[in-house]
Amino acid sequence: MRRVIKLMRRIAKELLRDPRTLALVFVAPVLVMWLMSVVFSVNSTTHVDVATVGVQSSLRTQLNDVKHVSAHKYTTNRSAKAALKSGKVDAIVKEHDSRFDVTYANTDSTKTSMTKLAFQSSMTSTTLKELSAKVTKLAMANATLQAKMQAQVAAQGATSTTPTTTAGKTKQTTKAVKVHNHYVYGDSNTSYFDKIMPIMMAFFVFLFVFLVSGMALLKERSTGTLDRVLATPVRRSEIVLGYLGTYGILALLQTVVIVISTVWLLNVEVVGNLANVILVNVLVAFVAVTAGIFLSTLAASEFQMMQFLPIVLVPQIFLSGLIPLDALPKWLDYFSYIFPIRYAADAQNAIIFNGDGLSKIWVDLVVLLAFAVVLAALNVVGLKRYRKV
């Protein structure tokens with residue numbers, strides 16, 4: 001038992017001498033839990049904007065009266081489609097001759113479902129109001145007719161002849177209302193999974209490449225291989241480029257496998273060019289390689305490397321768009337721009353949902369490339385602490 005106690009004391013002293021481990025054990029969980037509380041405690045109510053073209057004012061008023069729904073009047077279908085493509089509205093309601101064409105962006109199944117419910121409830125309310133107006137009008141006409149009949153009976157006095165009244169029949173033809181649904185992305189079966197798939201694709205590419213590259217360099221440090229390489233005249237920049245080249249090729253192959261299997265096996269519809277999706281994820285993989293190697297130079301053991309995961313990955317998954325960014329506090333939205341997956345998610349959403357090309361996402365691509373270059377430069381500086389000659 002004394003040996004066990006002595007061993008425990010020795011391990012405790014080693015832990016107390018390592019402030020990084022203590023910080024990762026006690027501070028990191030608190031920060032992650034605080035971030036989760038901020039993200040999940042915000043008002044996440046979905047708000048829908050609907051463009052209306054040729055819709056009667058009563059129906060548009062009913063749509064506006066639905067909670068968390070705003071109806072906007074557009075004069076032409078072309079301007080409404082431009083607003084839908086730019087993300088200003090989530091759906092278009094066009095009315096023509098008792099026919100309604102409803103077009104959904106459908107990039108968020110929650111907003112699509114909410115728009116359908118709002119439109120149906122508005123149609124029902126409008127129909128009920130029209131029926132109520134017709135019933136009131138008929139009641140007034142009937143009262144007028146009854147008053148005329150009573151006046152005729154009073155004028156005839158006490159005669160034996162019973163007055164005969166011929167009521168004219170008013171024939172009203174009401175066309176049946178037809179509603180046709182159209183979807184810019186996907187179909188009526190598109191689910192929430194389709195919305196988050198572009199984000200999850202980039203996240204898993206980053207996760208696995210980050211782990212492989214970081215653990216591999218850490219293993220070479222622990223076995224002494226890196227020390228022997230650093231003892232040679234090889235430059236630190238050449239060592240970093242060597243690691244980046246090898247693990248970069250591995251990351252490239254892994255990324256292609258992940259993207260193609262995700263699109264084909266999970267039947268994810270890609271409106272844009274699949275090659276652009278692969279390009280975005282390749283850049284994400286190179287950022288993950290450089291980030292993994294950089295953090296492995298800071299970690300003293302595999303234990304510390306694993307504890308970096310919550311700090312590096314958890315904020316990115318929450319601030320990449322998995323939870324609607326417009327529901328987050330503004331400062332948290334700005335904070336999300338320091339993470340690479342935010343840019344990857346924006347680029348992939350534009351390609352997969354809107355069919356945008358490289359000319360629309362070049363800013364995101366440049367930022368991802370800048371992340372990789374800066375982290376590679378930090379790796380060169382980080383290796384200096386391990387060079388003994």
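The exercises below work through pockets, a helix, salt bridges and a core in one predicted model.

The model is predicted, with local features needing pLDDT of at least 70 and side-chain atom pairs counting only at pLDDT 80 or more, while totals for chains, interfaces and linings use all residues. Residues are numbered from 1 along each chain as its sequence is written, and side-chain values use heavy atoms, with hydrogens and water left out.

**Exercise 1.** Describe the lining of the second largest pocket.

Solution. Begin with the term: on a 1 Å grid over the protein atoms alone, a pocket is an open set of points with protein on both sides within 12 Å along at least five of seven lines, a cavity is a set where a 1.4 Å probe fits but cannot get out, and lining residues have an atom within 4 Å of a point. The volume, which is the space filled by probe spheres set on grid points joined across faces, edges and corners, is about 470 Å³ for the second largest pocket. Next, look at the 22 lining residues, of which Ile311, Val312, Pro315, Ile338 and Phe339 lie nearest the centre. Helices are DSSP runs of H or I with at least four residues, and strands are runs of E with at least two, numbered from the N terminus; α2 (19-40) is one of the helices that supply at least two lining residues, and its five residues are the largest share. Finally, sort by class, where Ala, Val, Leu, Ile, Met, Phe, Trp, Tyr, Cys and Pro count as nonpolar, Asp, Glu, Lys and Arg as charged, and the others, Gly among them, as polar: the lining has 21 nonpolar residues, one polar and no charged.

**Exercise 2.** Describe the largest cavity and its lining.

Solution. The count comes to one cavity of 30 Å³ or more, and the largest cavity has a volume of about 40 Å³. Among the residues that line it are Val209, Tyr247 and Val289. Helix α8 (236-265) supplies at least two of the lining residues, as does α6 (192-223), and α8 gives the most, with four. By class, six are nonpolar, two polar and none charged.

**Exercise 3.** Which parts of the chain are linked by Lys85 and Asp356?

Solution. A salt bridge is a side-chain nitrogen of Lys or Arg within 4 Å of a carboxyl oxygen of Asp or Glu, and the structure holds five. The side chains of Lys85 and Asp356 form one at 4.0 Å, N to O. This pair links helix α4 (residues 77-86), which holds Lys85, to the loop between α12 (340-354) and α13, which holds Asp356, 271 residues apart. Asp356 is buried, with a relative accessible area of 15%.

**Exercise 4.** Which residues touch the most other members of the largest nonpolar core?

Solution. A nonpolar core is a set of buried Ala, Val, Leu, Ile, Met, Phe, Trp, Tyr and Cys residues joined through side-chain atoms within 4.5 Å. Of the 70 residues in the largest one, Phe206, Phe210 and Val280 touch the most other members. Helix α6 gives the most to this core, with 14 residues.

Notes. Buried means under 20% relative accessible area, exposed over 50%, partly exposed in between (1.4 Å probe, protein chains only).
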